[in-house]
Amino acid sequence: MENKPVILIVEDEAAIVDFLAAKLESGGYRTLAAANGREAISSATSHCPDLVLLDLGLPDMDGMDVLKFMRGWSALPIIILSARQQEEDIVAALDSGADDYITKPFSNSVLMARVRTALRKGVTRVDRVNKTLSFGGGGLSIDFDRRRVSVEGQRVHLTPVEYRILTYLARNAGAVITHTTLLRELWGPYATDNRLLRVNMANLRRKIEANSADPRYILTEVGVGYRMVETD
Amino acid sequence: MKNKLSGIRLLNLNSPAGSWISCAAILLAATLGCQALARAGLAAGNAGALMALAVFAVSASTQGYKYGLASAVIGAFIYEYLVTEPRLQINISLDFALTLGIMLLISLATGAVMNGMRIKYRAALEAEQRVELMYKINDLLLSAADERAIAQSCLSHLSGALGRAVSMHFSGGGGLQPGTYFSGEQAKDRPLPRESGSDAHFIPLSFQNKAYGVAEISLAKGPLSPDELSLAQAVSRQAAQALHLLALSVQRQQARLDAEAEKARSRFLRGISHDLRTPLTAIIGASNTLLDSGGQLPEATGSKLIYDIQSDAQWLLDMVENILSVTRLQGDAGINKSEEAAEEIVGEAVARFRRRHPQVKVEVRQNSGLLLVPMDATLVSRALGNLLDNAARYAGAAASVTIDITRENGFASFTVSDNGPGIASSVMPRLFAAEASYGSSSQDAARGHGMGLLICKTIAEAHGGRISAYNLPEGGASFAFSLPFGTEVYSNGK
């Protein structure tokens, strides 16, 4: 039997579980389901899934508690399912250790892409750093060794901060990075100046994107953070 | 100051010089009179009465006792000299002593009576002034529209009447605005007249057992007299009553506003329920058909039904998102502004739109540097989404949409233009009202997209911005959604 990745779906709405399971299995994954927090915890601890899709609105416990519990003993990828217009909950979950989020209602392509990205997490990160990554069909190319960035073949000069933003996003391409995470990554744990981050992002975009308001490589998740497109 | 007692005017020559002059004049007149009487041989009883009259006149017309007593003494001597036998001689006898004594008594008695009268007059004058003051304050209070007017009406007059600094503190009871008001030229933040070591007298402002605040009267000039105290209390009662009436009218107004809001809410909900039923009917119908068909439907029909279910469900989702935006706008928390990059909001709205309408061409143009705009990102994203969806629906299959991000006069503008049929002139004036729908006769026109535009308008205005619509000369409609800047524009000099 092939070694298909196992995905644990934690969701109390049966109809949603149905179509999620159907979609994931047709995409080559195996699925488990848990309808509440207790079942989720027991399933996770006994089956050790490869990824968890966790709905924040569970009937018996706060989804955040399940998240924190799982994070307490494992770095397994966790994607939270949330409603739109609840950015505070999303950011809180991401900053508590969730890897990504999907808003309901789901777009199937988005779902599969996020699952793919999350499963790759930690697996090849080490050797990716030593390679050249390219995005957007070769439009953007980052050479980590020589610390060179080119767009459409042209060398682009970035400030140290801009380079760090770009490479951090690139190393986590496909996953969302919250504003807080970026701030900490760039300026340490006490950084709070959101405006500085926006300004640096805007400068970076002007250097690598053809149209800053219609970006190809670095996408904005309003209220949450930024997401780089997946590598080629 | 005119008052009712002004008709009675007491001859009151206050200056000492004036008093002596009138004293001398009266005595002179009396002297001449006595002389005349003596010559005429009628001096017997009349001269005495005349001199007594003179002493009375001086005592009545001068302040204090000294002028009267002086005139009594001088008058007695003149009488002795001119009238008493032997005439033109002063003999100190029992007769003279008695005359002098009686004159002095007359003077004292008159002086005492006059003093009493003066005191009563002054008291009556003060009482009349107090009544005038109460009438004046009452008039002002009747026309006072807010807490400040009430305070000012009472404070200026009360402090004027008492000659002391007065202040009023409203505690905010009864739903009124709390605040502190001072009499005279005192600035708002000047400390109360307590710090010079002198106390203040506090009078509570309460009416019908409801406390509205307290009035504070400075005792820097000494304690309050009973009259001053009763005046202050009367004014405080007036103030409390006025506050009570104001509180009642504020409550009434609030109740009216609440009732209006309730009505508007019910209207809104009715409209929504109606609008929600339409797509649901289509979804239930289409899915029922698929279920009942048992796989017998031709594939094209089946696919079409499933497609319809999809698009109606999407429409439902849009409506739900719009409703959520409305509740967010109306919530007690108000909108949550944070600084966002205009290009980021547009980028995300466009990305989301493209996933739904992959065949629509979207172009984004930005002619300014980075625009950091304070906004509620979720709401603005929703508004842009509504505008984009509208453009796609009305421009049809070959739609092409442009978004321009510009900066003008302290506003960041997002202009969404399409190449559709434009806005019918009949619909223009009510475009942003609840039941408008513009443009073509395609089946989507019947779906009442007015709510999307109404929500855009509400979101714009909640930010202090605006939205406007016009037809482009080359055809198509254009919607300009603008938000005010709170902060400076950052340009990267590129």
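Biologist: Which residue in β3(A) does A:Leu8 stand opposite?
Modeller: A:Leu8 stands opposite A:Val52. Before going on: this is a predicted model, where local features need pLDDT of at least 70, side-chain atom pairs count only at pLDDT 80 or more, and totals for chains, interfaces and linings use all residues. Residues are numbered from 1 along each chain as written, chains are lettered from A and ligands numbered from 1 in the order written, and side-chain values use heavy atoms, without hydrogens and water.

Biologist: How many bridges join strand β1 to strand β3 of chain A?
Modeller: In general, strands of a sheet pair through backbone hydrogen bonds, either parallel or antiparallel. Strands here are DSSP runs of E, at least two residues, and helices are runs of H or I, at least four, numbered from the N terminus; two strands pair if DSSP finds at least two bridges between them. Residues 6-10 and 51-55 of chain A, β1 and β3, run parallel and are joined by 4 bridges.

Biologist: What is the order of the strands in the open sheet?
Modeller: The order is β2-β1-β3-β4-β5 in chain A, with parallel pairing. At the edges, β2 (30-34) and β5 (100-104) of chain A each pair on one side only.

Biologist: And what about confidence in chain B?
Modeller: pLDDT is the predictor's confidence in each residue, from 0 to 100. Where pLDDT is low, the predicted coordinates should not be read in detail. Chain B averages 82, but residues 1-11 of chain B are below 50, and residues 435-446 of chain B stay under 50.

Key: Contact means heavy atoms within 4.5 Å.
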